[in-house]
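Student: Please take me through the features of this model, with the general idea first and the case second.

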Amino acid sequence: MQKKNIYLNILFILFCAGLLAFLLRAPEETTAKMPHDKDHAAFFPMGKKEAEKHCQSCHNAEGVTFPADHPSKNRCLFCHKRN
Ligand code: HEC
Ligand code: HEC
């Protein structure tokens with residue numbers, strides 16, 4: 001009984017160490033963050049959904065264009081974190 005518990009504990013610790021190592025090795029985020037400049041300053045204090053209503057007044061085909069392979073544009077701040 002005693003021995004079995006020790007093995008289970010060791011197994012549990014190894015499992016946690018493995019999980020931690022896995023999480024720490026997750027790739028770094030590479031998506032560009034929303035810049036912290038005068039164009040974007042107003043969006044920092046706002047709620048995300050509120051701020052996202054304004055992005056496409058500048059970010060559109062005639063203004064600041066998107067890369068050709070840009071994914072779905074529904075929730076800007078879901079992918080582009082605020083700096
Ligand atoms: C007033 C116009 C304007 C509005 C509104 C605006 N942007 Fe921008 N944004 C720009 C301009 C100009 C650039 C390109 C120059 C630069 O990098 O600052 C840019 C660049 C970016 C970039 C690219 C940064 C990089 O590293 O290349 C991201 C991401 C971005 N904006 C996200 C957003 C999001 C999200 C919103 C809405 C919350 C938003 N923008 C609203 C003008 C605007
Ligand atoms: C599903 C995730 C996603 C959403 C939602 C999204 N983007 Fe992007 N965006 C990307 C990826 C991925 C790239 C290209 C890789 C990068 O940014 O370095 C990109 C690139 C950009 C760039 C060019 C960045 C550069 O470095 O040249 C701008 C500007 C931009 N997005 C603005 C926006 C705006 C504004 C919205 C909302 C209308 C938006 N994005 C919504 C994922 C997303």
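Student: By class, what does the lining of the largest pocket have?
Tutor: A pocket is an open set of points on a 1 Å grid over the protein atoms alone, where a 1.4 Å probe fits and protein lies on both sides within 12 Å along at least five of seven lines; lining residues have an atom within 4 Å of a point. Ala, Val, Leu, Ile, Met, Phe, Trp, Tyr, Cys and Pro count as nonpolar, Asp, Glu, Lys and Arg as charged, and the others, Gly among them, as polar. Here the lining of the largest pocket comprises 13 nonpolar, 9 polar and 5 charged residues. This is a predicted model, in which local features need pLDDT of at least 70 and side-chain atom pairs count only at pLDDT 80 or more, while totals for chains, interfaces and linings use all residues. Residues are numbered from 1 along each chain as its sequence is written, chains are lettered from A and ligands numbered from 1 in the order in which they are written, and side-chain values use heavy atoms, without hydrogens and water.

Student: How much space lies in the largest pocket, and which residues are the closest to its centre?
Tutor: A volume is the space filled by probe spheres set on the grid points, which are joined across faces, edges and corners. The largest pocket holds about 630 Å³. It is lined by 27 residues, and H59, F66, H70, C76 and H80 are the closest to its centre.

Student: Which helix gives the most to the lining of the largest pocket?
Tutor: Helices are DSSP runs (H or I, at least four residues), numbered from the N terminus. With 3 residues, α3 contributes the most to this lining. Both α2 (48-55) and α3 (76-79) supply at least two residues each.

Student: Which residues are the protein donors of the iron atom of ligand 1?
Tutor: H40 (NE2) and H59 (NE2) are its protein donors, 1.9 Å from the metal. This pair links distant parts of the chain, 19 residues apart: H40 is in the loop between α1 (2-24) and α2, and H59 is in the loop between α2 and α3.

Student: Is H40 buried or exposed?
Tutor: Buried means under 20% relative accessible area, exposed over 50%, and partly exposed in between (1.4 Å probe, protein chains only). H40 is buried at 13%. H59 is partly exposed at 26%, as are H70 at 23% and H80 at 24%.

Student: What joins the side chains of E52 and R75?
Tutor: A polar contact is a pair of N or O atoms within 3.5 Å; within protein, one must be able to donate a hydrogen and the other to accept it, and residues adjacent in sequence count only if both atoms are side-chain atoms. The side chains of E52 and R75 make such a contact at 2.7 Å. E52 is in helix α2 and is buried, with 10% relative accessibility.

Note on methods
Donors = N, O, S within 2.8 Å, 3.2 Å for Na, K, Ca; no water.
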